[in-house]
Amino acid sequence: MSNNVALDVKHVSIDYKDISHMSLAKSFRKGEIKKSNIVRAVNDISFSVNQGEILGIVGRNGSGKTTLLRSVAGIFQPDEGTIDTYGNRVSLMAIGIGFNGNNTGRENILKSGMLLGCKLDYVKEHMDEIIEFSELGDFIDRPVRTYSSGMYSKLSFAVTAILDTDIMLVDEVLSVGDERFRKKSFKKMEELMLSDRTVLIVSHATDTLKKFCDKILWINDGQFMRLGDTEEVLAEYDKFMQL
Amino acid sequence: MIFLRIMKKRKGLKMKNKGQTGILNALKYLLLLGFVIGIIVILLFPFSNQPISMVIDTSAGTKEITYSSEEIQNMHEFSIEIPNIENETINEIRLYRKLNSVCVDKLQAGNLFLYATLEKDKIIFNDETCEIFRQNSKSFFMERLILSEVLLIVFLFIWILLNALSEKIDPDNRNNHGPIYEIKKFISEIKNYGVYMVFAANTDLKAEVANSYLNRLWWLLEPFFNMLVYVIVFGRVMGNSIENYATYVFSALLMWTFFNKTINYSVKCVRNNRDIVTKVYVPKHVLLISNMILNFFKLLFSLIVLIPMLIIFKVHIGIGILWIIPAYLLMIILSFGAGMIFLHFGVYIDDLSYAVGILLQMLMFLSGIFYDVIISLPTPLNTMMLCVNPVAMFIDTMRNALLNNLVTNVPLIVIWLILSVLVSYIGIHIVYKNENGYVKVV
């Protein structure tokens with residue numbers, strides 16, 4: 001395992017402005033926008049991940065884990081601080097990016113793959129692999145809206161799992177499909193994580209984290225709590241979470 | 001604590017800016033002042049009366065005569081000699097001022113008896129026509145508007161240039177929203193996402209008809225039946241004095257549909273693509289352009305219907321038809337620019353789509369799709385509409401090129417092409433500056 005830093009997050013803070021969904025009438029009364037309360041979802045968090053390392057992120061619901069991941073994925077810039085990925089491609093493992101129910105599975109794989117930042121040819125090369133992994137068989141050429149919800153998740157998991165990037169961000173997607181597929185995807189994740197790939201996992205399942213992670217970051221209400229060895233931090237976190 | 005820190009940060013930024021870009025800010029104020037003064041001067045400056053040229057368009061050819069402003073002042077019934085005029089058909093009589101491609105008034109062939117009588121080898125114009133001449137000679141409205149638009153272009157251009165300058169002066173400024181950075185970013189993103197945009201448009205197009213019975217045939221059938229309705233309703237039921245009325249309306253509606261669909265989509269763009277926007281970073285203009293490509297596909301299918309129409313109604317086509325290209329170009333750039341601005345506001349304001357719907361409905365009827373702006377509106381208003389409303393202008397230009405083989409509105413097309421590029425830049429700038437917040441809202 002090399003010790004090159006793959007991801008560096010420095011003093012990152014992210015605000016949510018509570019100006020969602022205004023009506024026209026409201027937007028004319030400008031005072032209301034200015035007074036809108038700013039919620040700090042992530043406050044001054046720093047960490048760095050070496051290449052090949054697996055970092056688990058734990059915390060209560062609403063403590064800013066997903067926000068942090070999205071920010072690392074580049075979906076939005078942090079309000080303060082910097083995130084440096086050293087030119088590595090980052091992708092957030094999510095279900096069904098840009099899927100359109102009326103298109104066939106094949107078309108959706110291409111579209112989704114391109115949105116993840118892959119070239120069209122690259123996605124085409126891996127097409128068979130994705131289809132095989134997703135276990136969809138003939139369904140791949142039917143519109144996605146005819147799929148069962150399990151098939152849908154299988155397909156989207158397959159897309160993100162096969163078209164891997166340098167840094168993977170995983171947000172609670174390990175419980176997909178039936179028992180067989182779950183085992184399969186678990187195996188795939190294991191395989192991915194054991195290879196020289198940098199991974200950030202957000203999860204509440206401490207068993208999973210114990211199995212995979214090299215270190216754990218614990219945040220609570222957007223505040224930095226602990227960063228360190230898996231066993232230690234998880235033990236403390238469990239204690240904290242006891243009623 | 002947190003609040004204090006924010007305050008500190010803001011203060012620090014302000015101080016820094018003051019030191020390094022103070023002069024540029026002062027220049028901006030000066031520019032704004034200059035712009036306001038310029039507009040006032042243009043609006044109030046007493047321009048002298050203008051000469052008028054009259055073009056008589058007959059089946060045998062055109063004849064152009066120019067009258068100076070003094071002549072027009074003392075004008076009474078006058079006649080123009082054109083050999084054998086009584087046997088020719090007069091298409092229309094157009095009046096121009098100095099800009100000889102922007103028509104200021106038209107005497108319609110159908111209403112010609114109101115203005116003139118035909119005799120052997122000559123047309124005699126009555127006092128009514130002289131009044132129209134005087135009106136058009138006096139009003140300097142159009143030139144004032146055009147000059148204001150030119151001034152606006154200069155103003156916006158210098159403003160952006162000043163921003164670019166401040167970006168150059170202060171390279172370690174972390175506010176990466178300078179024009180140079182943004183334009184570079186835009187171009188590289190267009191390159192990177194080019195394949196995706198076309199592919200997404202293609203799949204969306206397939207998705208639209210995937211489960212319909214007639215499938216792709218709809219792309220042809222829809223414009224075809226539309227056209228049929230216009231031919232029957234406007235050509236037969238509501239008899240109209242405009243020649244080839246069905247083609248006249250249909251060709252304009254094609255452009256309008258593209259513009260309308262793009263703007264309507266842009267308002268809901270980010271929300272419709274919530275699945276994408278919240279999961280990966282996609283430049284928002286990629287989503288808009290992808291939809292525009294889709295609309296353009298459909299437009300091309302409608303054009304296939306238009307071509308046989310031109311042949312059936314025996315429209316004379318000449319080299320002037322090439323002038324529809326800048327008109328279409330203007331339509332595309334303008335809808336992109338306006339779309340980017342609406343895209344931004346559409347994210348935050350829930351009911352904007354209703355408001356935009358109503359505004360577009362109004363714009364549709366103000367843009368002369370079903371009538372000729374120059375003939376139907378009273379004199380100063382018609383040229384004003386042409387100068388201020390780019391939709392009316394590109395539709396008028398396109399129709400003149402397509403149906404009458406005329407190159408018209410050259411200065412207006414050029415002005416609005418530049419303006420719409422600037423508007424596009426402004427739209428891109430607004431979206432880049434605010435797109436961080438979109439995910440948090442939708």
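# A tour of chains A and B

Start at B:Glu70: with 11 C-beta neighbours inside 10 Å, this residue counts as exposed (the cut-off is 12 or fewer other C-beta atoms within 10 Å; 20 or more is buried, anything in between is partly exposed, and C-beta atoms are placed from the backbone). The model is predicted, so local features need pLDDT of at least 70 and side-chain atom pairs count only at pLDDT 80 or more, while totals for chains, interfaces and linings use all residues. Residues are numbered from 1 along each chain as its sequence is written, and chains are lettered from A and ligands numbered from 1 in the order in which they are written.

**Stop 1: around B:Glu70.** Select residues 69-73 of chain B. This is helix H2, and B:Glu70 lies in it. Helices (H or I, at least four residues) and strands (E, at least two) are DSSP runs, numbered from the N terminus.

**Stop 2: chain B as a whole.** Count 16 helices and seven strands. Along the principal axes, its C-alpha atoms fill a box of roughly 90 × 65 × 35 Å. Of its 442 residues, 32% are buried. Take contacts (C-beta atoms, placed from the backbone, within 7 Å) between residues at least 6 apart in sequence: in chain B, 75% of them join residues at least 24 apart.

**Stop 3: helix H16.** Select residues 410-441 of chain B. Helix H16 has 32 residues and spans 43 Å from first C-alpha to last, close to the 46 Å expected at 1.5 Å a residue. The expected span is 1.5 Å times one less than the number of residues. Centre on B:Glu435. Here H16(B) bends by about 55 degrees, the angle between axes fitted to the seven residues ending there and the seven starting there.

**Stop 4: the largest nonpolar core.** Select A:Ile57, A:Val72, A:Leu169, A:Leu200, A:Ile201, B:Met255 and B:Phe394. Of the 146 residues in this core, these touch the most other members. A nonpolar core is a set of buried Ala, Val, Leu, Ile, Met, Phe, Trp, Tyr and Cys residues joined through C-beta atoms within 7 Å. Helix H8 (residues 245-272) of chain B gives the most to it, 17 residues. Zoom in on B:Met255. Beyond its neighbours within four places in sequence, B:Met255 contacts B:Met331, B:Phe394, B:Ile395 and B:Met398.

**Stop 5: the sheet of chain A.** Switch to chain A. It has 10 helices and nine strands, and 42% of its 243 residues are buried. Six strands form an open sheet in the order E5-E6-E7-E3-E8-E9, with mixed pairing; two strands pair if DSSP finds at least two bridges between them. Strand E5 (90-93) and strand E9 (223-229) are the edges, each pairing on one side only. Neighbouring strands are turned by 15 degrees against each other on average, direction ignored. Look at E3(A) and strand E7 (residues 198-202): they run parallel, joined by four bridges. A:Ile54 stands opposite A:Val199 in E7(A). Next, select residues 230-241 of chain A. This helix, H10, packs on the sheet and touches E3, strand E8 (215-220) and E9. Its direction makes about 140 degrees with that of E9(A). Axes are lines fitted to C-alpha atoms, for helices over the stretch in contact, and angles run from 0 to 180 degrees between N-to-C directions.

**Last stop: A:Gln51.** This residue sits in the loop between strand E2 (38-50) and strand E3 (54-58) of chain A. A:Gln51 is partly exposed because 18 other C-beta atoms lie within 10 Å.

Notes
Two residues are in contact if their C-beta atoms, placed from the backbone, lie within 7 Å.
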